[in-house]
Amino acid sequence: MTALVYLEQTDGAVDEPSLQAATMASSLGGGAEVHAVVAADTAALAPAGPLPVDAVQVAVHEAFGSYAPLAVAEAVVELAGRLGATCVVGPGTERGNEVLAHVAALLDLPLAANCVAVADADARVTRVRWGGSLLEEARVDAPTLLLTVQPHAVAAEPGAGDPPSVETFTPTLSDAALALRVVERVGAATGGVSLADARVVVSGGRGAGSEEGFAPIEELAELLEAAVGCSRAVTMAGWRPHTDQVGQTGTKIAPEIYIACGISGATQHMAGCKGAKRILAINADREAPILQSADYAVIGDLHEVVPAISAAIRAARSG
Ligand SMILES: Cc1cc2nc3c(=O)[nH]c(=O)nc-3n(C[C@H](O)[C@H](O)[C@H](O)COP(=O)(O)OP(=O)(O)OC[C@H]3O[C@@H](n4cnc5c(N)ncnc54)[C@H](O)[C@@H]3O)c2cc1C
């Protein structure tokens, strides 16, 4: 059996979720040969040091100077074919899942995303579904097993012994693949506090009413040195950028306290904030589902309640 694992890198260092994916790949079957592939615009970005794989192939192409998911997928498919890989593994990050989804589409095969365990004898996988609310066991019926590994499902193990051999190759890429790439990066206006790491998050939902309706939420966040979050209803309305979205298809947060203003508490939203130690819900509706998960609640109009909290904090600080 030959496994191929796609590794993501940042500045030449393999990312933690990719190391975890490589660790799971190396545990597949006794004696499976594990190759890794990284995509880079220069061979100088080959990963150095020990890795839990037998060999590393660097797909070198100028297209890989920025994120180009279909191009990476074409390189992975080319190498998998050359190696005769029976299993292709990637990290279960947003980008890892996107690249492997392209690989699956190119090979016309199913992809098991976000796996936490694999019994390789009969291609049985256990994977996270529904925003982490359930685990699914499935058997993948395909000549090549394609999967991504849920971040933190396995501990990354550094490879033992000598670093793997490193080779480079120039993949053949289609025009369509070259057209799909990141051309510009715009920094998120987070006010210096990262949503994923914030100790306090003040979030607004549809109840905020408009883009301007976030002014009191931003004011409270500033007072508490908190990050501002929001629900998908808000990003869909264009009131806030997607980078602010908390939830299954947004950022997963784990603050000391999550202040949810005008958010109903849909399952997909709660999937992103269930790591919060405490939840304070501010909602006009005492029947809102979020109240079932909240530790504290204020029933009222957020446009009155949130400014009142800010005023009380200011008064307490000046007194
Ligand atoms: C595949 C999929 C993925 C999804 N991923 C996400 C995700 O990542 N994140 C996410 O958030 N959603 C996600 N959703 C959408 C989710 O199902 C809900 O539609 C969304 O979370 C609702 O947003 P909301 O709570 O802001 O709006 P609503 O459900 O409309 O709730 C608004 C709340 O505001 C309250 N309210 C109204 N006016 C006021 C006021 N003046 N003061 C106080 N309270 C007020 C109301 O009582 C209500 O509880 C996803 C859905 C799908 C199908």
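How far is an oxygen atom of the ligand from an N or O atom in the side chain of Ser231? The distance is 2.5 Å.

## Basis of the model

This is a predicted model, in which local features need pLDDT of at least 70 and side-chain atom pairs count only at pLDDT 80 or more, while totals for chains, interfaces and linings use all residues. Residues are numbered from 1 along each chain as its sequence is written, and side-chain values use heavy atoms, leaving out hydrogens and water.

## Ligand surroundings

Around the ligand there are 25 residues, and Arg206, Ser231, Thr249, Ser264 and Asn283 come nearest. A residue is near a molecule if one of its heavy atoms lies within 4 Å of it.

For Gln245, a polar side-chain atom lies 2.9 Å from an oxygen atom of the ligand.

## Largest pocket

The largest pocket has a volume of about 1300 Å³ and a lining of 32 residues; Gly92, Thr93, Glu94, Gly250 and Lys252 lie nearest its centre. Two or more lining residues come from each of α3 (94-107), β7 (111-119) and β8 (124-129), with α3 giving the largest share, four residues. The lining of the largest pocket divides into eleven nonpolar, 13 polar and eight charged residues.

Here a pocket is an open set of points on a 1 Å grid over the protein atoms alone, where a 1.4 Å probe fits, with protein on both sides within 12 Å along at least five of seven lines; lining residues have an atom within 4 Å of a point.

## Second largest pocket

The second largest pocket has a volume of about 450 Å³. Its lining has 19 residues, with Gln9, Ala39, Phe64, Tyr67 and Arg95 nearest the centre. By class, the lining of this second largest pocket holds nine nonpolar, four polar and six charged residues.

## Charges over rings

Arg95 lies over the face of Tyr67, 4.0 Å from the ring centre. The charged end of Arg82 sits over the ring of Phe169, at 5.0 Å from its centre. A charge sits over a ring if NZ of Lys or CZ of Arg is within 6 Å of the ring centre and within 35 degrees of the ring normal.

Technical notes: Points joined across faces, edges and corners; volume = space filled by probe spheres on them. Nonpolar A, V, L, I, M, F, W, Y, C, P; charged D, E, K, R; others polar. Polar contact = N/O pair within 3.5 Å; in protein donor to acceptor, adjacent residues only side chain to side chain.
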